[in-house]
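Biologist: I would like to learn how to read a model like this one. Can we take it feature by feature?

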Amino acid sequence: MVSRVIPVDTFDLVIFGGTGDLARRKILPGLFRRFCAGQIPAGARVIGAARSAHNTDEYRQIVREAIEEFGGARADACDHLDDFLQMIEYVVIDARGDDGWKELADLMAGTDRIEAYYFSVAPALFGDIAKRLKKWGLADAGARIVVEKPFGRDLTTARALNKTLATYFNEDQIYRIDHYLGKETVQNLMAVRFGNMLFEPLWNSQYVDHIQITVAETVGVAGRGDYYDNAGAMRDMVQNHLMQLLCLIAMEPPARFSPDAVRDEKLKVIRALEPVEPHHIVRGQYQAEPGNEEQHPSYRTAVENPRSRTESFIALRIEISNWRWAGTPFYVRTGKRLAERSSEITVVFKDTPHNIFEEDAGRHRNVLSIHLQPNEGITLGVTIKEPGPGGMRLIDVPLDMTFAETLDADEIEHVDAYERLIMDVIRGNQTLFMRCDEVEAAWEWTDPIIEGWEARNDVPRPYDFGSTGPIAAHEMLRREKREWRQVTE
């Protein structure tokens, strides 16, 4: 099965922070793969903008090296790199001064094409860049800007950031990017829910016992210690990535598949979230790997803060107060230095109302698992009779919709989330991007949780390197006679 690629219109994409890590690892290799797939027209331009003193030829060499290092197998198999590099331009620019802005304005002048500006820089520079885009006549009604998280660190800063961006751009010009929403399976979740009559009648508290959302990472904080120790798992993951997954799994069917219709329903979910009680919160910090402390140090050593109270793991029990989900708990957890790298949404359905197979009573449940990474796909656990003689013995077997096995999915497997989302920016499709009121509503719910543990002076619980997190996270579910799904790759 070959994916159908629809070319986008001719565009200019300016990448502020064009020499930075995100541009080199994700944005530039992703654009090249889209070019190789025939989705980017030859007349498009990609313009790097940064303070580093390079000319265009030197920047093209940086782009070449980034694609060779991070492009992946599909990029290696594509022999059009020289053609792509001819689309690359570079401008030396000062985000907080006027140097380079006239050169950028001259470069962008007189073109009748889509103009997009990717803010691949620290959030502290968002306002400065937006202001100068307006000053130099680059923030016209057709321009689009892409901003990376974090969208503030609390409600106050999020509102200030939204207000700043709104001074220079309309809301329909602002694309707040969350790469989780660009994953194939996340989008397929909407297709499974709203494109099949099979699931929607069962998608409520009458039939669903509980839902789990897990994002487990094997990596530590690496070189992000300064940022992470001021953010923690709650701000870095729950307030945005996991919140978006929660919204998609819990929202009502939108009236139509359009950006604002989808985002309206997501917003309703966030506003229906109940405050989280202290006994429904477990925070943790990873310890060093025994016998290998130098290579795999503890969290506190990695962030160079021996008294840090920032969580590298968090688990929450969340309730949604609406007719669909009242009484059904949502358990979310995320952490670093865990046993496996795995992201999964699990819908655990209730027991049958009357079990006629007495020996197997309570042992089998239908479980729908949406695997986000590393192997994207969906499985549904179904109870059947075990083949062979010996009576009615029941076993659970999966109905497997793993893309790599079910489809000829070479193209789908390797389409990075950034590739898909950047193409959506060029198309002008905001469905998979966060709206300002959505961001602020998420912080309204998140802030009291953080303020609560700070007021209580809570200390994160230690957990072992390569484990499944603090024991208390498992105890939180066991009190309700439930278990976390096993974290497996």
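This is a predicted model: local features need pLDDT of at least 70, side-chain atom pairs count only at pLDDT 80 or more; totals for chains, interfaces and linings use all residues.

Biologist: How many helices and strands does the protein chain have?

Modeller: There are 17 helices and 15 strands in the protein chain.

Biologist: What share of the contacts links residues 24 or more positions apart?

Modeller: Take the contacts with a separation of 6 or more. Residues 24 or more positions apart account for 77% of them.

Biologist: And what about the surface and the charges?

Modeller: The accessible surface comes to about 22,200 Å², and carbon and sulfur atoms hold 49% of that. The chain carries 58 positive and 77 negative charges. Their mean positions are 4 Å apart.

Biologist: What part of the protein chain is buried?

Modeller: Buried residues are 53% of the 489. In soluble globular proteins, nonpolar side chains tend to be buried together.

Biologist: Which residues touch the most other members of the largest nonpolar core?

Modeller: That core has 111 residues, and Leu31, Phe84, Ile249, Leu316 and Trp445 touch the most other members. Helix α10 (residues 232-250) gives the most to this core, with twelve residues. Another core lies apart from it, with 33 residues, including Phe119, Phe126, Leu133 and Ala143.

Biologist: What is Leu31 in contact with, beyond its neighbours within four places in sequence?

Modeller: Leu31 is in contact with Leu13, Ile15, Ile40, Val46, Phe84, Ile422 and Met423.

Biologist: Now a helix. Which residues of α17 are buried?

Modeller: Look for the residues, then for their cover. In α17 (residues 471-478), Ala472, Ala473, His474, Met476 and Leu477 are buried. Their cover includes the strands β7 (208-216), β8 (281-286), β9 (313-318), β10 (330-335) and β15 (461-463).

Biologist: How far is Asp82 from Arg60, in sequence and in space?

Modeller: They are 22 residues apart in sequence. From C-alpha to C-alpha, Asp82 and Arg60 are 9.5 Å apart.

Note on methods
Residues are numbered from 1 along each chain as its sequence is written. Side-chain values use heavy atoms; hydrogens and water are left out. Helices (H or I, at least four residues) and strands (E, at least two) are DSSP runs, numbered from the N terminus. Buried means under 20% relative accessible area, exposed over 50%, partly exposed in between (1.4 Å probe, protein chains only). Contact means heavy atoms within 4.5 Å. Accessible areas come from the Shrake-Rupley method with a 1.4 Å probe; for residues, only the protein chains shown count as cover. Lys and Arg count as positive and Asp and Glu as negative; His and the chain ends are not counted. The place of a charge is taken as NZ of Lys, CZ of Arg, CG of Asp or CD of Glu. A nonpolar core is a set of buried Ala, Val, Leu, Ile, Met, Phe, Trp, Tyr and Cys residues joined through side-chain atoms within 4.5 Å.
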